[in-house]
Amino acid sequence: MLTDFLLLFLLVFALATGWWLGRREKFRRQPPPGTLPELSKDYFVGLNYLLNEQPDEAIDTFVRALEVNSDTIETHIALGNLFRTRGESDRAVRVHQNLFARPSLSREQSERVQLELGKDFMAAGLLDRAERLLEELVNSHSQVGRSSQLLLVDLYEREKEWQKAIHTLTSSLLKENPRLHKAAAHYACELATELLSKNNFAAARKQLKQAQAFDAACIRATLLMAQLELQSGSAKAAIRLLLRIPGQDPSYIPAMLQTLVDAHLLLKQPGELANNLEKLLREHSYTSILLHLAETLRSLDRHQEALEKVSHHMRQQVSLKGVDYLIDLYLDQASGEERAHLITLRNLTRQLLEHKPEHQCTSCGFQSVQLYWQCPKCREWGSIKPIIGVEGE
């Protein structure tokens, strides 16, 4: 309702201003005696709709009544923008298309309207039409050109056209918008992921180096580079890369653990894996590290050590995943009625863990079971991290 009120207020104000400007020209364009200017007729028809609580009809009438001239062009642009923010993209398109068709617009005005029309099409989901309009503006030396570049990057991101998005990110645009460095690194990582799936290691490596050039702190690039080394048979190189991640951002340790395990298993070094996990656990008390360590100890027939370690950590920092795993360890040694009770208890913990979110966006709070590199809700890159606490790490 507040947006409707602002929109109608703006329309009424604009029409009143237009009427007053028209009155200044009355000596040059005097209407015939006994007639009322067309603007006044529509003005009062619109007011009648408004008084009868028909805001949509009132808005349409006011828009028709508002003449396009140098004094009202900003009002027309603002009206279209208000329609777009209200989610009425079709109306926004009509207003801006009507304005764009005017031959009297200056080049600067025409570019501004074209930019707004591109935004309208994006809001309406007509990305191909928006792309054509914005591509015509990117070479403009005005602020419109910069704004068009930013919108095109956003459009290509939505379409998953990662290479086009990178190509649109000029050095000057990156300099003016430092946060785009993180996004650009993820675009390169997306391309690298596609190449890795095809075992095209050389091209993937090139993309990952570009990602690191965009953002040296990009955890995803480090993780993908480690996976590349592992897939190409260089397990030692993969381990070296993975062990850098805790220094870059310890929040992503859980995301690297399986690759670390796979690399050590390829080298047939479970003992070295246990040592590395012990060191990580001393520095970062994550449940995921604890569980991987316990599983490694079990593979080395060190069952009692695994049980004691998990039990000790659960007394220090309890987590639902840790308790569930601890029950499994006790089940290895239980029998009879005690085993039946433990199975019942484990079934309860599994029900509590089922579909429980393990990750959360630090920007908007979105929660998910899996790790997304881009938040599906707010579309921020690299903002989703493991949940810390009883129900998480």
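What share of the chain's contacts between residues at least 6 apart in sequence join residues at least 24 apart? In this predicted model, the share is 51%.

View 1. Of its 393 residues, 45% count as buried.

**View 2. Three strands form an open sheet in the order 2-1-3.** The pairing is antiparallel. Strand 2 (367-368) and strand 3 (384-386) stand at the edges. Each has a single partner strand, so one side of each lacks a neighbour in the sheet. Strand 1 (residues 359-361) pairs with strand 3 over 3 bridges. Here glutamine 360 stands opposite lysine 385 of strand 3.

**View 3. Glutamate 116 and arginine 84 meet in a salt bridge.** The N to O distance is 3.1 Å. Glutamate 116 belongs to helix 6 (residues 107-123) and arginine 84 to helix 4 (residues 73-85), 32 residues apart. Glutamate 116 counts as buried, at 8% relative accessibility. Arginine 84, at 17%, also counts as buried.

**View 4. Arginine 86 forms a salt bridge with glutamate 88.** Their closest N and O atoms are 2.0 Å apart. Arginine 86 is partly exposed at 21% relative accessibility, whereas glutamate 88 is buried at 18%. The cut-off for buried is under 20%.

**View 5. Glutamate 393 and lysine 321 join side chains in a salt bridge.** The N to O distance is 3.3 Å. Glutamate 393 lies in the segment after strand 3, and lysine 321 in helix 20 (residues 320-331), so the pair ties together parts 72 residues apart in sequence. Both residues are buried.

Methods. Residues numbered from 1 in each chain as written. Predicted model: local features only at pLDDT ≥ 70, side-chain atom pairs only at ≥ 80, totals over all residues. Heavy atoms only, no water. Pairing = 2+ DSSP bridges. Helix = DSSP H or I, 4+ residues; strand = E, 2+ residues; numbered from the N terminus. Buried < 20%, exposed > 50% of the residue type's maximum accessible area, 1.4 Å probe, protein only. Contact = heavy atoms within 4.5 Å. Salt bridge = Lys/Arg side-chain N within 4 Å of Asp/Glu carboxyl O.
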